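Please read the points below with the sequence and the model open side by side.

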Amino acid sequence: MLGVHNTPRRCSFCGVNQVIVAVRRVAGLVLLALVAAPAFLATDPAAAPNDLAEAMRTSGLEYWRYAWGLATPFWSLPVAVVAVLAALFSRGWLTRVVGRGGEVLARPPSFLFALFTGILGAGLTVLVSQGAFDGRTILNDASVQLLQARYFAEGRLSAPLLAVPEFWSMQFMVHTPVGWVSQYPPAHAIWLAGGFLLGGPWVAMAGAMGILGIFAALSFERLLPERIAVARSAALLAAGSPLLLTLAGGYMNHATVAAFAALALYFALRADEGKIAWAVAAGGAVGFMVATRPVSGLLIGTAVTVGVWLSNARHSAGWRRRWLFKRAACWVLGGIPFAAGFAWFNAHFFGSPLTLGYMAATGPSHGLGFHIDPWGREYGPLHALAYTSTELMGLGRELLGAPLPLAAFVGLFLLVARQLKRGERILAAWALLPILGSALYWHHDLVFGPRMLGETAPAWCAMFVLTVTGIVRMSRRIWLSEAMVVIVLAAVGYGAVAGGRDRVARVAARAAPIPEVTSSEPALVFVHELWPDRLGARLAARGMRLDQVRAMLTRFHPCDIEAAMAGLEPAEAEPKCRIEHESDHMGWLGLTDYLWTGDPPGVGGSGVLWARDLGPETNARLIAEHPDRTPWLVLPDGEGNGDVVPYDVGLRTLWGDSAAALSGTLDDAAAGTATAPSREVARMQNDTIPP
């Protein structure tokens, strides 16, 4: 029997397993290399100060120094001394104490612990959103989706066609033949709309982090049934992660995807254990993820659902195929309503079921791959390598607030571990697959840290705990285990006490304050933006795509564009240009930060209607259309803040008395000789969104 059992025919998957092991070890080696070596130096050292390559280069160096303790000698040197002393004299005492702590953590019933973790995640989100951020947004991405959520909450799919769109046109919102709508997939805005109906968008994000905490705890325990303390430690780290909390507190959709990934994983595990109906729910959760963030939603969703079922090796091959087919069919069935709704939404607004709002807003250059991006910047393999390296270097600081090379730890574990158990493989797929998608995507930024990896945060937390405990278990040297325990506990403790709080504070400093409007009557409040931003809004109102608007503003001087839009020579437009330029002398603000907080344009209401300040003559048209609203203006202070003042006072302060004498110099002027910018405007206007 032993001879038959060990025949090669009984090992039909040996070749596949060897490939998986090889891929896993290569992935570990790549992670180690990208964090240990300064790959960010591959970016152009001569890049302009505001260029993404320069930002990634600078941030990469900062992250690299922080991750390896070079930026925090006041912390790293004492910890290194304690680690050496522990390695020499503790004789395994620290490891035993941590083991007993794990036993205590594993004692409470699963449901009670999951409830505690959910309450922790939800509560901390409220503290960040309403406390640190004061209910404000950090990025335009969130502001636009909040505005879209306002329309959903009003029972509308979009804003109606706006009569004077230049007062509200802004990046990431698209003018289509059937309405003004966000470029983003609709699921996250639907989730935020539920929050508005329940009292505010912070309710929705607290709910998302509550879901993440509950179902990460329940799912991790099922994935790691023999390591309950490890599973619970990972769930606690995820619920308290500064990266996830700032994303949720800032209303970003990465946190929503992470929450539904934990939910999908739980449903898939329940379907794996028995009832097939759970597979329908798993498919629905994945459908919601894809309708929120299509690429990462599809990669993560497949890994935590189909990946769970593919890794089930408890049955014979024939039985297993039938078992898998039934669950996959139910999974597809659960996702069909979301896929159909998403496709209809795209077809209704953007002309095709497969045309995403991103493409409608910025054209084909928004797609995946190596090419010139919508900002006109080159994105190639070296950029992907450098930017991915920077993001991985930042995981320790941003995910846990800890000065640790977290991704290097995980890479070492993947490289040296003899084998990964089923749960470890699923978590590794969740953590690593989206990195490939992110590397093929041209858009990276570090406002929230490596936010493009935000939806993988729970898996990275789990892989980090598995790595530490795994290395300690594999080590045959007590001194190495003791040193590891000291370093990790000190780093995570520092993150919990200081590092995470500092990270939240850094992000909060970017939040735009919303000035208070004291009027008890309906108000029309004008917000003064920078001259190129005002021009961009006017170009977008003429039907130009965002990438085309950016190209125009990059290639031509604002005065040339002003003249070209009216068919004048630049010299004829000079008086108007001078006034436009001088109106920015006090600084400028961003309409996008404010618009979602008031009455949505085109819907009405009795509160505040925010609008773009376009100068005395143009503003007068909007004021005439809203005789029931008292006009006001927000005076910028040059530091991103503003004060609401009576309209006449603000107008004189920004535009001066000479503006009133300039009536229709450009907008109502007779057409003159076409300039190069005017021909470019005409050409680009012909390349608009199909009906």
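**Notes on the model**

1. In this model, an open sheet is built from 4 strands in the order β6-β5-β7-β8, with mixed pairing; strands, like helices, are DSSP runs numbered from the N terminus (strands E, at least two residues; helices H or I, at least four), and two strands pair if DSSP finds at least two bridges between them. Because β6 (608-612) and β8 (642-646) each have a single partner strand, they stand at the edges, and one side of each is left without a neighbour in the sheet. On average, neighbouring strands of this sheet are turned by 30° against each other, direction ignored.

2. The structure is a predicted model, in which local features need pLDDT of at least 70 and side-chain atom pairs count only at pLDDT 80 or more, whereas totals for chains, interfaces and linings use all residues. Residues are numbered from 1 along each chain as its sequence is written, and side-chain values use heavy atoms, with hydrogens and water left out.

3. Strand β7 (residues 630-636) runs antiparallel to β8 and is joined to it by 5 bridges; L635 has D643 in β8 as its bridge partner. Helix α30 (residues 647-655) packs on the sheet and touches β5 (523-527), β7 and β8, its direction making about 40° with that of β7. Contact here means heavy atoms within 4.5 Å, and axes are lines fitted to C-alpha atoms, for helices over the stretch in contact, with angles from 0 to 180 degrees between N-to-C directions.

4. Which residues touch the most other members of the largest nonpolar core? They are W168 and W460, in a core of 192 residues. A nonpolar core is a set of buried Ala, Val, Leu, Ile, Met, Phe, Trp, Tyr and Cys residues joined through side-chain atoms within 4.5 Å, where buried means under 20% relative accessible area, exposed over 50%, and partly exposed in between (1.4 Å probe, protein chains only). Helix α12 (residues 253-273) gives the largest share of this core, 15 residues.

5. Leaving aside neighbours within four places in sequence, the contacts of W460 include L31, L392, L395, A407 and I435. Another core, of 15 residues, lies apart from the largest one, and among its members are L535, M544, V549 and C559.

6. Helix α27 (residues 570-582) has 13 residues and reaches 17 Å from its first C-alpha to its last, close to the 18 Å expected at 1.5 Å a residue; the expected span is 1.5 Å times one less than the number of residues. Even so, α27 has a kink of about 40° centred on K576, the bend being the angle between axes fitted to the seven residues ending at a residue and the seven starting there. K576 is also one of the buried residues of α27, along with A573, C577, I579 and E580.

7. Strands β1 and β2 form a hairpin with 2 residues between them. They run antiparallel and are joined by 4 bridges, and T176 is paired with G179 in β2. From β2 (residues 179-182), G179 and V181 point one way and W180 and S182 the other way, yet all are buried.

8. Is H557 buried or partly exposed? With 47% relative accessibility, H557 counts as partly exposed, and its place is in the loop between α25 (546-555) and α26 (558-566). G207, in helix α9 (residues 201-223), is also partly exposed, with a relative accessible area of 29%.
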